[in-house]
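Student: I would like to work through this model by question and answer. Please show the sequence and structure first.

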Number of protein chains: 2
Amino acid sequence: MNEQEFLSSYDKRAFDAPLVTVDAVLFTYHEGQLKVLLVKRSAHPEMGKWALPGGFVSETEDRSLEDTVVRKLREKTGVIPPYVEQLYTFGGRDRDKRGWSVTVCYTALIAHQVCESHIESVADARWIPFDRVGKLELAFDHEEIIRFAHERLVQKALYSIVPAYALPEKFTLPELQHVHEVIIGKPLQKKSFRRRIEQAELLVDTGEKRSETGRPATLYRMRDDSGSHTFVRNLEL
Amino acid sequence: MNEQEFLSSYDKRAFDAPLVTVDAVLFTYHEGQLKVLLVKRSAHPEMGKWALPGGFVSETEDRSLEDTVVRKLREKTGVIPPYVEQLYTFGGRDRDKRGWSVTVCYTALIAHQVCESHIESVADARWIPFDRVGKLELAFDHEEIIRFAHERLVQKALYSIVPAYALPEKFTLPELQHVHEVIIGKPLQKKSFRRRIEQAELLVDTGEKRSETGRPATLYRMRDDSGSHTFVRNLEL
DNA sequence: ATAATAGTGTCTTTCAGACATTATCTA
DNA sequence: TAGATAATGTCTGAAAGACACTATTAT
């Protein structure tokens, strides 16, 4: 038998295969807090519980796993988040009552403001403060997944400015520092924080200032590639 | 309908699901080189090409994805590698001619010596120098996966001593440094390399020495948790 | 003694921590 | 002018880079 013959006689459905889903831990920064997007399950199993946005791969709509996660996130937020990165794949016999299952999980970040109106229009989606995730009963192993995503995000906050994707296009340095502080749960040295970002030239001065109370702060914008920059030395935990 | 009723009437096979496989990039250090374990495919598709060790999840044998990868690696090497970590999940419509597929990939490390005899007994498995991977025509997207695993391993070599898992239980510091140098493709400062390992107390002096030519080198053993230690500062790339 | 490899001493450089000081706004 | 917040100056400390030097073996 040659490969052509093999492929034309091959039937994927003849084998037991795990369920495959894609889930996203979408973080944002709002009202001084780190928040996670959760969706109330409207179908069995685990109906009524809060869960991560996600769902099954569509063999017709999706060419890749990224397509799946982006499609799912756009359904809930109305936009494509500027930062989407694969987190980890959780798989096992017992994590879903329907049978052996695999979920490919992503971490995503977005500015609260750009999806606020759309999320309010989606009845089942809500931003939940990260601090309160422990108080909810989440579906499947989604609480574990959120904790895992958070741990990874803490590391990123120590050696990159990836958390900037949780802010609007223009933001101030004190704002960005506060996002980092909220993520890692500890205050940072203002000087150290600014110095490393300046030296690596990761932000562009927009020329604008934002004034609330006190001295107005400079508004910056990320450079195109500054999300992928990693400092050689971590901030202290 | 309640959840019980839902579950008893649920049929996984009623839905189109991607193929799910698990693959491993198993590295070792031998003859001064970094090598990768490859397996010659004996079945369609891509029959005859070199591929990563791996295969389908077994719903009966495996309780988790780690079970699958460990089972597959033990089949080829005869032992369970001391370091197995999830790398990335590659998925898409076109990566496997059988249809939409997902492969959950792992990076693993092992000492050459502990599996040498078993691999020689497995007709289809071979250690390939990492440098020569580009010259082979690999199955599926396995070359891309190996490059990805290597990039991740380079990072680990800069901020951890994870590469030590590619060595036997007892090894010398110059040996370990050379593994790091071969991985990152660049010489390192002897003093810097030793200093950080000593300060973090990651290795235990076995009291033994190894003598080849020149001054005998101290033989060390890893501490139980030293694989998970990360230095706060990277070595220079 | 020489060659070879292991291991140390020590000065320089880099960059984060600490924290005082100055700058710029509003009320 | 006082209060608030933004931004800087500058000293200290920790850890890596560079590279010369010493130590221990075999021949």
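Student: With which residue does A:D94 form a salt bridge?

Tutor: This is a predicted model, in which local features need pLDDT of at least 70, side-chain atom pairs count only at pLDDT 80 or more, and totals for chains, interfaces and linings use all residues. Residues are numbered from 1 along each chain as its sequence is written, chains are lettered from A and ligands numbered from 1 in the order in which they are written, and side-chain values use heavy atoms, with hydrogens and water left out. A salt bridge is a side-chain nitrogen of Lys or Arg within 4 Å of a carboxyl oxygen of Asp or Glu. For A:D94 the closest N and O atoms are 3.3 Å apart, and the partner is A:R93.

Student: Is A:R93 buried or exposed, or does it fall in between?

Tutor: Buried means under 20% relative accessible area, exposed over 50%, and partly exposed in between (1.4 Å probe, protein chains only). A:R93 has a relative accessibility of 34%, so A:R93 counts as partly exposed.

Student: Which residue of chain A forms a salt bridge with B:D94?

Tutor: Two salt bridges are found by the rule across the interface of chain B and chain A. In the one that B:D94 forms, the closest N and O atoms are 3.2 Å apart, and the partner is A:R63.

Student: What area is buried between chain B and chain A?

Tutor: Buried area is the accessible area (1.4 Å probe) that two parts lose on being put together, summed over both. Contact means heavy atoms within 4.5 Å, and 45 residues of chain B are in contact with 45 residues of chain A. On the chain B side, B:R13, B:H44 and B:W100 lose the most area to chain A, together 17% of what that side buries. Carbon and sulfur atoms give 55% of the area buried between the chains, which is about 4100 Å².

Student: What relation holds between the two chains?

Tutor: Copies are superposed by least squares on the C-alpha atoms of residues with pLDDT of at least 70 in both. Chain B is superposed on chain A by a rotation of 180° with 0.0 Å of shift along its axis (RMSD 0.1 Å). This is the relation of a two-fold axis.

Student: Which residue of chain B has the C-alpha nearest the axis?

Tutor: The axis in question is that of the 180° rotation. In chain B, the nearest C-alpha is 2.2 Å from the axis and belongs to B:R233.

Student: How many residues of strand β6 of chain A are buried?

Tutor: Helices (H or I, at least four residues) and strands (E, at least two) are DSSP runs, numbered from the N terminus. β6(A) is covered on both faces: A:S101, A:T103, A:C105, A:T107 and A:L109 are buried on one side, and A:V102, A:V104, A:Y106 and A:A108 on the other. For this strand, residues 101–109, the count of buried residues is nine of nine.

Student: How far from A:C105 is the nearest cysteine sulfur?

Tutor: A disulfide is a pair of cysteine sulfur atoms within 2.5 Å, and the structure holds zero disulfides over all chains. A:C105 is buried, at 0% relative accessibility. The nearest cysteine sulfur is that of B:C105, at 16 Å.

Student: Why does the salt bridge of B:R210 and B:E175 tie together separate parts of chain B?

Tutor: The side chains of B:R210 and B:E175 meet at 2.7 Å, N to O. B:R210 lies in strand β9 (residues 203–210) of chain B and B:E175 in helix α5 (residues 173–184) of chain B, so the parts tied together are 35 residues apart in sequence.
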